[in-house]
Amino acid sequence: MNTAGVRRTLVAIGLAAALLASWPVPAFPQAKRGGVLTFALYQEPETLNPYIATQTASFEVNVFTIEGLLGVGPDGEYFPLLAKEVPSRQNGGVSGDGKTITYHFKDGLKWSDGQPVTCDDVRFTWQAIVDPKSGASGTTGYRDIETVDCPSPSTVVVRYKTFYAPFLSRFDAIMPRHAAGDPAEMPRWAYNRKPVGTGPFTMLEWVSGDHITFIPNRYYREAGKPYLSAVIIRITPSREVGKQLIKTGEIDVLWDLVESDVPELQPAAGVKISSAPSSFAERLVLNLADPTLDGPPLDQVEKNPHPILGDPRVREAIELGINKQEIIDKLLFGLATIGTNELHIGWARCATKPSEYDPARARQLLEQAGWKPGSDGIRVAQGARYAKDGTRLRLKLQTTTGNKLREQAEQLLIDYMKQIGLEFYIENVPSPVLFGSWASGAFRKHGHFDVVLYTTNPDVDPQSQVEGYFASWSIPTAANSGAGFNYARWGNKTADENINLAKNSPDINARKKAYCAVMGEIVKDRPHIYLYDRSSIHAYRDRMQGWVTNVWDRLGWNAEDWSLR
Amino acid sequence: MDSGVGGRGSGVRTSTALVVDRTPDTQPLTPSSRVRPQTMVGLAWWRFTRHRMAVAGLLVVAVLGAASALASWVSPYDPDKPDLQLQLRAPSPVHLLGTDDLGRDLLTRILYGGRISLSIGVLAMTLAVLMGTAVGAAAGYYGGAIDNLLMRFTDLMLSIPALFLLILLILVLRSFPLPFLRGGVLAIVLAIALLSWMTVARLVRASFLSLKEQVFVEAARALGVGNGRIIIRHILPNAASPIIVAATLRVASSIITESGLSFLGFGVQPPTPTWGNMLKNAQDQMITAPWTAIFPGLFIFVTVIAINYVGDGLRDALDPRHLR
Amino acid sequence: MGAYVLRRLVQAVPLLWLISLVVFLLLHVIPGGPMAAYENNPDMTAEDLHRLEHDLGLDAPLHVQYVRWLAALVHGDWGYSLASKRPVLVEIGDRLPNTVYLMGVATLVTLLLAIPIGIFSAVRQYSTLDHVVTTVAFMGHSIPIFWFGLILIIVFHVMLRNPLSGAPLFPGGGMYTLGMPFSLLDRLHHLVLPVGMLAVANAATYTRYTRASMLEVIGQDYIRTARAKGTPEPLVIWKHGLKNAATPVVTILALDLPALFAGAVFTETMFSWPGMGRLFIESAFRVDYALLMAIIMVTAALTVAFNLLADVTYAVLDPRIRYG
């Protein structure tokens, strides 16, 4: 061959090589077909109906078969699942006023019984949720929908009456009209025990108290998947038993571990731990209002602040006096991250500086705030802003009973506060009492508390959490029958403005900025003190391939990619 | 029905003919070189001390009670203050029984815990005995409607497993804002007392039923003594012995009940230590730190045995009739 | 006899009704309740919550709720578990057999241990064996059952290992090994520790009862007569003695059912046994009204039934007892 020819050949080879190198590599090229994967749950699901279930376990199970229009990835961003793409202004899926959302189904979608998936199923899902007799929990957003139109079987047009900012989070589960039933009978559907879905698996059997078996859905939209020949969900009697089983290899996936399980499982042969920061933040909720008042609205709160916690300097001192890192290191084996604000991960995350541990400064602040050291080390008011002279710096700390980690944390908190001259005393209650309703007289709702310790988390779309917990109109009072979660009874103009902005803006960047402004106010004013962010910890056997940690969704979110070596 | 423990089986045969007291003034029938005490109480005490294990039990209870009450002097450690450098240390010369999950000295916590466990035992017993005696005396003496009511009511209570009822009661009592006494101690005491007074009542009723037929009661009535006085001044002292024995044994069972409830999570709440909730906490650490589970329970065990032995001794001392 | 049984059955009805009333009232004083599961969800609007409350009938006045519940009960509809939404009877039906299984085996073991040992001990009263038995029985009677269970787990599950496989000697929980086909050996393996915990503690108590009962029997005339007739001693003991001594013990056991339930609660909780005791504890934490009421009613009904059975059996076995 002459030099020109050689050069051409080399170039050709080079091009071919470049092409091959850039070819998208299939995710798991060596995925072996077949095999049965065993998944351990220590809680039996109550029902698999996605709009009635409240337990996490129910969702861990129904994820294998029930899907929605969109999914959420590990980065906290939406991706298309049953829809072809995520509706946005750019692709015309979202109208100018943000009230009309158009989804296009992927081609050839079928239910696990072979019936085609159509827009009518989406309409049916909406109708079932808003039906007054259906017993659906969580109808926000769906109630704002005016119509669901079906210009074609694969096009869904959802028209909202008013702009609903978290619209992407709706329709995260589609129910089939032909395989469900009358919406008024929803709690009694056979679907609740054996759902028909579009996911990679379909249920074969559910032996109560023992196991649930899933087999591949032969109508699944991705050819060649799922790889597994079955997924068996084993109901284990307890987490303890689950830990034994994963060590011996009798189960492949162990759901929902706590930090104290890790030292035991980490060294075990063949066991891998998946730990990633979740959106769950453990925090102290401070009551800014006088605790003797019953459900005071904002104007009353301003006139009658909490004698101790009403002063922001005291709140700051409390936060400075807590050694958050020590709690994480000693109680959580270093497996959590220090708490900063409500939105520490996700698309709307807002990075704020974590508080320092500075007990000396805390003591200084308390002195300035008019709390002088008393004879037994606990400070007494002398010229404090809201407290009468002689009042002890003493606060009630409450959390749920029966939670060892929280009890340990409380002990540490008592000790930290003692060192700055504040006395915490404990009065824990069972969780139904702490989380009780206004009607049942729950003290958290009615504002009869000082400090409450618990965990809560925002959804993928933070609107309902941020508005529910921090908007001044979300303060539970008799006037609104105790609706709202602003237990701290915090009213902040800047926060309110930004919450409204985020609520009404279809521009995602504008919303991000607005939420960050709200976080800034929260960090400054401290209606909540964020202690630590829990990690989502699970364990799986190393023979399992395809595991991708996603704290925004359930473990089985990518079950179609799972395989066994 | 119980003929007691084998403390007597070691060779000293107490012949039943030795001391048959129906009244305190009978002289012993067999010759003896020892001068036996003559008063009722003295005689009872003498009989009590013949029971070796009972004396040992009394000693144990006394020592434990004193150590718990004086815990702040006995132990140099603070039972509440966490020391995160010392988490879950095994027993050593510095920490005789080791440390717990927050680095606190276990022996110290057990002693402070003893305060709560023992006080709950005694308080619950006192309440139960007071209520039970009052109701049982009325039922046994007056009979009729009161008696019927008591019997029906006790039947009712005995048909539901006590533990279930106890848990329900505690959930109810805790929802009323009971001040003072952290950790819901008062609720526990009330709940336990409310469920154990019935046995005492039945006992007292039975005693009264038989005693009220005695001659001395007839005599008192003939003399015009009022019913109230008869019950309190005449019958009750004679019914005292089974009540005292029952009361003692009730302390033991109350301690076990409280520990059990705390173990399940319905008893005294942390941070207040009790032997029961220390056991509950220890469950997570059984593999790495078994001493946190072994010792609190051991103290419950030893205390209960000791009290039961004392009860046994009291039974022998106060009511030798049952010895046959 | 038939008239007696009938009368007792008729008496049981108001008793059960009264129990239901008491339990219903107690449960509804407790704050919080089943709505708590929904309370923490910011997606739920106030209207949603009210709607759910209305659907579940929780917003009606108390007496209306009670009447509704009672009416439903009579029609066989015992309501739905507020947590799992499944019919309460199905939930109980799933768990009750496991509890019966556990308690049945434990009771059998208890009797198999207690009766022979108790009789042996009584026959050889005051011997070393008797002394040992009575002391051990006393200790077993005093031991807190949950601590005993913890010790069993520490020794037989954590410390002792199978020399071949290195796995724990006995499993730490569950009724059988998950995923295995039915194997009697496996079931027995999982029974050892829970039954050990329940049976050994109870056996101690019942050994004492048997011993005392046997001692009484030995002193009776008919034993002396049998011996005088020249009946070989073993026959005297085991034929005449056993039947008469064992009967009251078995009767007490039947009457003691509620207490056995309590023991089962601890065992089921510690060994993750899917039984009714554990269901009760879980429901108590969640304040699952319907389930709690149903469990108590079922256990109360069982207790009443067993009481009746015990009385009747006693009457059948002991011809001296005659009920009008």
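**Exercise 1. A serine in chain C**

At 7% relative accessibility, C:Ser272 counts as buried. The structure is a predicted model. Task: state where C:Ser272 lies and what its phi is.

Solution. 
1. C:Ser272 sits in the loop that runs between helix H11 (257-270) and helix H12 (276-286) of chain C.
2. Its phi is near 50 degrees, a positive value in a residue other than glycine.
3. Most residues other than glycine have a negative phi.
4. The burial class follows from the cut-off: a residue is buried under 20% relative accessible area, and C:Ser272 has 7%.

**Exercise 2. Backbone geometry in chain A**

Task: find what kind of peptide bond joins A:Lys225 and A:Pro226, and give the phi of A:Phe333.

Solution. 
1. The bond between A:Lys225 and A:Pro226 is cis, with omega about 0 degrees.
2. A:Pro226 belongs to the loop between strand S8 (211-216) and strand S9 (230-235) of chain A.
3. Most peptide bonds are trans.
4. For A:Phe333, phi is near 55 degrees, which is positive in a residue other than glycine.
5. A:Phe333 is located in the loop between H8 and strand S12 (337-338) of chain A.
6. With a relative accessible area of 40%, A:Phe333 is partly exposed.

**Exercise 3. The surroundings of A:Asn287**

Task: decide whether A:Asn287 is buried or exposed, and list what it touches.

Solution. 
1. A:Asn287 is in the loop between strand S11 (271-286) and helix H6 (298-303) of chain A.
2. Its relative accessibility is 0%, so A:Asn287 counts as buried.
3. Leaving aside residues up to four places away in sequence, A:Asn287 touches A:His306, A:Leu309, A:Gly447, A:Phe449, A:Asp450, A:Tyr487, A:Ala488 and A:Arg489.
4. One of these, A:Phe449, has its backbone oxygen 2.8 Å from a polar atom of the A:Asn287 side chain.

**Exercise 4. Salt bridges within chain A**

The search over all chains finds 39 salt bridges in the whole structure. Task: for three of them, A:Glu264 with A:Lys247, A:Arg392 with A:Glu423 and A:Lys524 with A:Glu521, say which parts of chain A are involved.

Solution. 
1. In the pair A:Glu264 and A:Lys247, the closest N and O atoms are 3.0 Å apart.
2. A:Arg392 and A:Glu423 come to 2.7 Å between their closest N and O atoms.
3. Here A:Arg392 is in the loop between strand S14 (379-381) and strand S15 (394-398) of chain A, while A:Glu423 is in strand S16 (residues 423-426) of chain A; the pair therefore ties together parts 31 residues apart in sequence.
4. A:Arg392 is partly exposed, at 33% relative accessibility.
5. The salt bridge of A:Lys524 and A:Glu521 has an N to O distance of 3.4 Å.
6. A:Lys524 and A:Glu521 are three residues apart in helix H15 (residues 508-525) of chain A, so about one helical turn separates them.
7. A:Lys524 is exposed, at 56% relative accessible area, whereas A:Glu521 is buried, at 13%.
8. Shared partners also join A:Lys243, A:Lys247, A:Asp261 and A:Glu264 into one network of salt bridges.

**Exercise 5. The interface of chain A and chain B**

Task: describe the interface by area, by residues and by polar pairs.

Solution. 
1. The buried area is about 1,500 Å², and carbon and sulfur atoms give 50% of it.
2. On the chain A side, A:Lys330, A:Lys404 and A:Gln411 lose the most area to chain B, together 39% of what that side buries.
3. Chain A contributes 16 residues to the contact and chain B contributes 19 residues.
4. The rule finds seven residue pairs in polar contact across the interface.
5. Helix H8 (324-331) and helix H10 (404-419) of chain A are the elements that give two or more residues to the side touching chain B.
6. H10(A) gives the most to that side, with eight residues.
7. The chain A side divides into four nonpolar, six polar and six charged residues.
8. One salt bridge is found across the interface: B:Lys81 pairs with A:Asp415, with 2.9 Å between the closest N and O atoms.

Notes: Residues are numbered from 1 along each chain as its sequence is written. Chains are lettered from A and ligands numbered from 1 in the order in which they are written. This is a predicted model: local features need pLDDT of at least 70, side-chain atom pairs count only at pLDDT 80 or more; totals for chains, interfaces and linings use all residues. Side-chain values use heavy atoms; hydrogens and water are left out. Contact means heavy atoms within 4.5 Å. Buried area is the accessible area (1.4 Å probe) that two parts lose on being put together, summed over both. A salt bridge is a side-chain nitrogen of Lys or Arg within 4 Å of a carboxyl oxygen of Asp or Glu. A polar contact is a pair of N or O atoms within 3.5 Å; within protein, one must be able to donate a hydrogen and the other to accept it, and residues adjacent in sequence count only if both atoms are side-chain atoms. Helices (H or I, at least four residues) and strands (E, at least two) are DSSP runs, numbered from the N terminus. Ala, Val, Leu, Ile, Met, Phe, Trp, Tyr, Cys and Pro count as nonpolar, Asp, Glu, Lys and Arg as charged, and the others, Gly among them, as polar. Buried means under 20% relative accessible area, exposed over 50%, partly exposed in between (1.4 Å probe, protein chains only).
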